[in-house]
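Here are a few notes to read alongside the model. Take them in order, with the viewer open.

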Amino acid sequence: MGNFKDKVVYQIYPKSYYDANGDGMGDIRGIIEKLDYLKWLGINDIWITPVFVSPQNDNGYDVADYKKVDPLYGDMEDLEELILSAKEKGIGIMLDMVFNHTSTEHEWFKRALQGEKEYMDYYIFKDGEPDQPPTNWESKFGGNAWEYVPSLKKWYLHLFDRTQADLNWENPKVRRELKDVILFWKEKGVTGFRFDVVNLISKPEKYENDQEGDGRRFYTDGPHVHEYLKELVEDTGIADMITVGEMSSTSLENCIRYTDPEEKELSMCFNFHHLKVDYKDGNKWELQKPDFKALNALFKKWQEGMEQANGWNAVFWCNHDQPRIVSRFGNDKEYWKQSAKMLGTAIHMLRGTPYVYQGEELGMTNAGFTHIEQYKDVESKNYYEILLKQGKTSKEALSVLRERSRDNGRTPMQWNGEEHAGFSKAEPWIGIPDNYTWINVEAEKEDSDSILNYYRKLISLRKELPVIQDGSVEFISHENPNVFAYRRSLGEEELLVFCNLGEEEIEIDGIKTEDYERIIGNYQGIAVQENGFMLRLYETVVLKKM
Ligand code: TEU
């Protein structure tokens, strides 16, 4: 497997990164123009969310042609130029492979709808009565996961939107088609791949009602998933590339298998358990304060568990599906700067490959939308209706979206304090929070104490210190659940990482501060005490043994 332990990956959501052609939407040329910024930041690879031909019902996660660039983003020449220019700067490009489903606009699905047997076998069609879906499984975007096609008198499965039909991986032809897509892009010179919800590809033999839940336990980390992944990797020769699987509701055991180098599946996995600690009883659409005790327990379990069994984590707070972390686990008002730096440190010193999502390095905040018309995301729009049906008032539903909508992470990158945050000359496709006048690349580049310069330092520390890349990890427990702390060690080298997730001072005892050198932190110095030190509000400090 390739070496990725000293790497940091940067995620770009092209629609909101930089608009080079002035139509209000970001594009591939926009990314090319910003490569020098990314080089300066110090990242190694860029994961770009899908830019393939798509009706954009789910912003490109509904692919209609895996081998063509959607004109919204540019053309094949642009993408080839991006791959080449990035390479010249020592940056790799990872493309996003959405292989659990295709758009219903994909040629394969259109032919299936015509009743062509060969293509019907590409998808999961089941017989049934028009009023009786084959199972009670729920779509991740709300509602039943089956859609009826009257002309065929059959239902098809869609774990996501009804315009995203699940592929039938049991069919070897489907697997061959998808391998062909990988080979196509590999030849173009990409350095890696991100695989969308790849642990949902293997469905159970029997389709039955789930009496306990929404059906996920039947198809999550499904019966043949490891076999299919191994085959995909072997037949396309990508074992040495950087690959990351997005794993929905997965287990530690499975993530170990997905990423143990001996298994030759993937380099690393994203899991989302730590981003559900503010879901009430597992329900994203019910607000609850983050449970930091649970957060600590999850990180301990995953960090230590993956290490023991030779697995590798992708570590992250933010992506295009998540609200902004500083608004979520930090305080984006009085302690904006401190809490953003603290949260960044918590992730970047971990064992695993850190991912920075565009704008996270600036401390970008949630969108702050107040009207339903401001939202563009299919999931947000669906759930707004569902919440109303459940009896919430429009005001209540909007206050849930304000915290939980995926659009919180999709507002345009804030480049400067000028009109439209320097993102575009035209009115952007989605709104921009007012704080762009001071939260932006230009302002933060100038300020040596900014979140941006702090992230740049976090990234460079990983390159400099083998203990961050390769050290073992051990969580340090504290009676106060707001303390998020761990030790990294490699031979004689030792790092202690302390983060305060809250707004009260906490005493940390039993540390001889004089034995350590402070290598990064978000306050001046250390508040040394008789038997240790005081961790101030949202303080983080990283100590290196001398
Ligand atoms: O997301 C998978 C997924 O299930 C979640 O991230 C989901 O959006 C969220 O938990 C719902 O509450 C991936 C992509 O990242 C996402 O953008 C796509 O919409 C989805 O797959 C379908 O392709």
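1. A word on terms to begin with: helices here are DSSP runs of H or I with at least four residues, and strands are runs of E with at least two. Counted that way, the protein chain has 17 helices and 25 strands. Bear in mind that this is a predicted model.

2. How does the overall packing look? The radius of gyration of the protein chain is 23 Å, close to the 24 Å that the globule rule gives for 546 residues, so the chain is as compact as a globular protein of that length.

3. Now for the ligand. Where does the ligand sit? You'll find the ligand in the largest pocket.

4. Have a look at who surrounds it. There are 16 residues around the ligand, and Asp 58, Asp 196, Asp 321, Glu 379 and Arg 406 come nearest. Sorted by class, that shell around the ligand holds nine charged, three polar and four nonpolar residues.

5. Oxygen atoms of the ligand lie 2.4 Å from a polar side-chain atom of Asp 58, 2.7 Å from a side-chain N or O atom of Glu 379, and 2.9 Å from a polar side-chain atom of His 320. As for cover, the ligand taken alone exposes 500 Å², and the protein buries 90% of that.

Terms used: Residues are numbered from 1 along each chain as its sequence is written. This is a predicted model: local features need pLDDT of at least 70, side-chain atom pairs count only at pLDDT 80 or more; totals for chains, interfaces and linings use all residues. Side-chain values use heavy atoms; hydrogens and water are left out. A residue is near a molecule or strand if one of its heavy atoms lies within 4 Å of it. A polar contact is a pair of N or O atoms within 3.5 Å; within protein, one must be able to donate a hydrogen and the other to accept it, and residues adjacent in sequence count only if both atoms are side-chain atoms. Accessible areas come from the Shrake-Rupley method with a 1.4 Å probe; for residues, only the protein chains shown count as cover. On a 1 Å grid over the protein atoms alone, a cavity is a set of points where a 1.4 Å probe fits but cannot get out, and a pocket is an open set with protein on both sides within 12 Å along at least five of seven lines; lining residues have an atom within 4 Å of a point. A molecule sits in a cavity or pocket if more than half of its atoms lie within 2 Å of its grid points. Ala, Val, Leu, Ile, Met, Phe, Trp, Tyr, Cys and Pro count as nonpolar, Asp, Glu, Lys and Arg as charged, and the others, Gly among them, as polar. The radius of gyration is taken over C-alpha atoms; the globule rule is 2.2 Å times the number of residues to the power 0.38.
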